[in-house]
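User: Please take a close look at one part of this model. Then take me through the parts around it, in plain steps.

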Amino acid sequence: MQQPVILITGASRGIGAATALLAGEQGYAVCVNYVRNRDAADAVVNAIVAKGGKAMAVAADVAIEGDVIRLFETLDAKLGALTALVNNAGILEQQMRLENMDAARLQRIFMTNVIGSFICAREAVKRMSTALGGKGGGIVNVSSVASRVGGSGEYVDYASSKGAIDTMTIGLAKEVADQGIRVNAVRPGVIYTEIHASGGEAGRVDRVKDAIPMRRGGRAEEVAQAIMWLLSDQASYSTGSFVDVSGGR
Ligand code: NAP
């Protein structure tokens, strides 16, 4: 039987890196996508290989269609038939109120978080769909609890981009449910990763953690477990579903 193949976008750091390591342990051949941080991506690949797994790093900006097409073609050639996609690459920008956001910022957020996820999903469906000659597979979109709570005062743009991802999860899941593809999402709460520094507040998790019912931030590994469960046969009747990994928030 062919080794299952997984593509995780934005897997050089944070939730994506934790998911890549877990997927490697579970026997997947792992494509570790990143945009800039080659050393970090190589470190993830090396950690998987050191445990006897198979992995490769591929630089590609998910917001650029040509990059995404090259990413998938590289994966086809080097790892074989794709079984799973984790649409994880995502960005947020400096915390600010909506009245101060310019169009360029909105374009960056929506190009990466929404259009990037759509283009990657498109390329995955083309390869996995049983109606198009594929063998089926799974997609997990990494949304956010922000889609439910709105990101007020900090990043309504980012929260809204995750709202779009939630809707895409529901719609695409129905579209490909009879083509052997399950599409689900995880909605992390506040997780200890470097993303908060790009919002201008590296210590955000510790600032807000007392408002979380469990009174703590989450770990990337906890999100990775939910992602890999949704991709597994144990979740065989789940599609268009959401798993919140948010400490009760
Ligand atoms: P992170 O630590 O900032 O890591 C972001 C990853 O995405 C890096 O690997 C980065 O690559 C990659 N990336 C960024 N822009 C990209 C692009 N245009 N194309 C390809 N890769 C790109 O982020 P994280 O906290 O792990 O977040 C991962 C996902 O979880 C995101 O979708 C985020 O919205 C979501 N999420 C996070 C939290 C949280 O509290 N951390 C909560 C809810 C949802 P480089 O290393 O090359 O820069």
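Analyst: **Around helix 2**

Helix 1 (14–25), strand 2 (29–34) and strand 3 (54–59) are among the elements that cover the buried residues of helix 2. Here, cover rests on contact, meaning heavy atoms within 4.5 Å. Helices (H or I, at least four residues) and strands (E, at least two) are DSSP runs, numbered from the N terminus. Buried means under 20% relative accessible area, exposed means over 50%, and partly exposed lies in between (1.4 Å probe, protein chains only).

This is a predicted model, in which local features need pLDDT of at least 70, side-chain atom pairs count only at pLDDT 80 or more, and totals for chains, interfaces and linings use all residues. Residues are numbered from 1 along each chain as its sequence is written, and side-chain values use heavy atoms, leaving out hydrogens and water.

Start with the helix itself. Helix 2 takes in residues 38–50, which makes 13 residues. From first C-alpha to last, helix 2 reaches 18 Å, close to the 18 Å expected at 1.5 Å a residue. (The expected span is 1.5 Å times one less than the number of residues.)

Which residues of helix 2 are buried? They are A40, A41, V44, V45 and I48. Looking down the axis of helix 2, these buried residues fall within an arc of 140 degrees, so they line one face of the helix. The arc is taken over the directions from the helix axis to the C-beta atoms. Now turn to the other side. There, R38, D39, N46 and A50 are exposed. Just after helix 2 comes G52, with a positive phi of about 90 degrees.

Now look at helix 6 (156–176). Its 21 residues should span 30 Å at 1.5 Å a residue, and its end C-alpha atoms are 30 Å apart, which agrees. The buried list for helix 6 is D157, Y158, A159, S161, K162, I165, D166, M168, T169, L172, A173 and V176. What covers them? The cover includes strand 4, helix 4, strand 5 (137–142), helix 5, strand 6 (181–188) and strand 7 (242–245).

A search of the whole structure finds one aromatic pair. Its rings belong to Y155 and Y158, with centres 5.3 Å apart and planes at 70 degrees, so the pair is edge-to-face. (Rings of Phe, Tyr and Trp, the last by its six-membered ring, pair if their centres lie within 6.5 Å; planes under 30 degrees apart are stacked, over 60 edge-to-face, and the rest tilted.) Both Y155 and Y158 are buried.

Y155 leads on to R105. R105 sits in helix 4. With 3% relative accessibility, R105 counts as buried. Leaving out residues up to four places away in sequence, R105 touches E93, Q94, M96, E154, Y155 and D157. Two of these names, Y155 and D157, have come up already. R105 and D61 are 44 residues apart in sequence, and their C-alpha atoms are 16 Å apart in space.

**Loops and the last helix**

N88 lies in the loop between strand 4 (84–87) and helix 4 (103–128). Is N88 buried or exposed? N88 counts as buried, at 12% relative accessibility. Beyond neighbours within four places in sequence, N88 contacts I8, T9, G10, I15, G16 and V142.

G189 is in another loop, between strand 6 and helix 7. G189 is buried, with a relative accessible area of 17%. Setting aside neighbours within four places in sequence, its contacts are V145, V245, S246 and R249. V205 is 16 residues from G189 in sequence, and 9.5 Å from G189 in space, C-alpha to C-alpha.

A226 is placed in helix 9 (residues 220–231) and is buried, at 12% relative accessible area. Apart from neighbours within four places in sequence, A226 contacts V186, V243 and V245. A226 and A159 are 67 residues apart along the chain, with 21 Å between their C-alpha atoms.

One backbone angle remains. Most residues other than glycine have a negative phi. R215 has a positive phi, near 60 degrees, and is a residue other than glycine. R215 lies in the loop between helix 8 (204–208) and helix 9.
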